[in-house]
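Welcome, and please open your viewer. We will go from stop to stop, with something to select at each one.

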Amino acid sequence: SDKILALANALDTTYDYLVSVHGSKQLKPIVDLLESDFFKNYPLQVFGLEPAKLIDLLSAEPEKVNALIGTILKIAQNHHLTKENLYLVALRSYQDMHDNYFPDLETAAREFRNAAHILYGVPVNTEQLERALLEQFGIQTDRHAMAQDPALAGVRSWYAPDKKTLYLNGGLTPAQENFLMGREIGFQYLQIGERPYETIILRAESFEKLFQNFRASYFSSALLMDEQALAEDIQQLANSLYWQPEEWLGLTRKYQVTDEMLLQRMTNIFPKHFGIKDLFFLRISAN
């Protein structure tokens with residue numbers, strides 16, 4: 001405090017002015033940003049930008065950065081963007097940066113499949129996945145408890161860590177069950193801490209949960225549809241002189257996955273193995 005007082009005297013101003021948290025009108029967006037929970041919630045580190053670097057930039061060019069921040073905030077307000085919207089946009093941007101292909105997750109899925117000695121052949125079936133959950137992680141499955149509570153009809157699965165039980169909705173198809181069990185294996189094998197326990201995230205409480213849910217889901221798809229095997233299947237179909245829709249649809253039966261899972265997996269395979277990068281699949285919505 002004595003140094004601040006000396007600075008105030010030298011600059012012919014007051015002590016309160018130097019330590020005030022209130023900025024001028026021109027710098028208000030920056031002050032609001034610094035006082036918000038933006039740095040805690042927004043995944044700056046995912047894009048290689050540490051908060052300290054942003055603070056340095058704010059200090060060096062406050063008015064220019066202020067204009068940029070003010071513009072972004074106005075866009076968010078005008079389009080009624082929520083925190084959840086920003087999280088989803090951040091995740092999609094992160095996927096786009098990497099062409100939606102993540103070698104570390106591909107390797108993890110391949111290593112687990114090879115090491116477990118439980119998952120073999122194509123497709124990986126439900127019994128194999130149940131055994132993998134139980135023998136590798138001590139997790140059992142329950143298909144009956146959720147059916148007794150009508151309020152859980154819209155939730156596909158829920159994991160109870162205290163009971164080490166993965167509850168599955170009784171109305172799921174085998175392909176949906178396989179994905180959910182593969183995703184739970186992903187959570188466990190990747191040792192993910194902060195995570196959602198229900199399948200359908202109604203609210204993105206934090207970017208970390210959304211991000212880790214994506215990683216476990218990617219792991220599951222890679223587990224069910226091996227990268228090299230699927231790439232070879234696609235290459236074989238692409239080499240055909242004629243369009244064969246039934247053969248393409250046959251891939252869902254071969255790997256016992258849903259149409260959406262196959263299309264999503266193709267967005268991983270096409271950029272890496274076929275150089276097709278200008279595509280992005282969100283989801284299938286059946287009404």
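On this tour, contact, or touching, means heavy atoms within 4.5 Å. What you see is a predicted model, in which local features need pLDDT of at least 70 and side-chain atom pairs count only at pLDDT 80 or more, while totals for chains, interfaces and linings use all residues. Residues are numbered from 1 along each chain as its sequence is written, and side-chain values use heavy atoms, with hydrogens and water left out.

**Stop 1: a loop residue.** Select Thr199, in the loop between helix 10 (174–189) and helix 11. Helices (H or I, at least four residues) and strands (E, at least two) are DSSP runs, numbered from the N terminus. Which residues does Thr199 touch, not counting residues up to four places away in sequence? They are Val155, Arg156, Ser157, Leu180 and Arg183. Thr199 has a relative accessible area of 15%, so it is buried (buried means under 20%, exposed over 50%, partly exposed in between, with a 1.4 Å probe and protein chains only).

Stop 2: Now select strand 1 (140–142) and strand 2 (157–160), the edge strands, each of which pairs on one side only. They belong to an open sheet of three strands with the order 1-3-2 and mixed pairing; two strands pair if DSSP finds at least two bridges between them. Look for Asp142, which stands opposite Tyr167 in strand 3. Then show helix 10 again: this helix lies across strand 1, strand 2 and strand 3, and runs at about 155° to strand 3. Axes here are lines fitted to C-alpha atoms, for helices over the stretch in contact, and angles run from 0 to 180 degrees between N-to-C directions.

**Stop 3: the core.** Select Ile185 and look around its side chain. Leaving out residues up to four places away in sequence, Ile185 touches Phe112, Leu129, Ala132, Leu133, Phe137, Phe219 and Leu223. In the largest nonpolar core, which has 53 residues, Ile185 is among those that touch the most other members. Such a core is a set of buried Ala, Val, Leu, Ile, Met, Phe, Trp, Tyr and Cys residues joined through side-chain atoms within 4.5 Å.

**Stop 4: two crossing helices.** Finally, select helix 13 (residues 245–255) and helix 14 (residues 259–274), whose axes come within 9 Å and cross at roughly 105°. Their contact is made by Trp248, Leu251 and Thr252 of helix 13 and Asp259, Leu262 and Met266 of helix 14.
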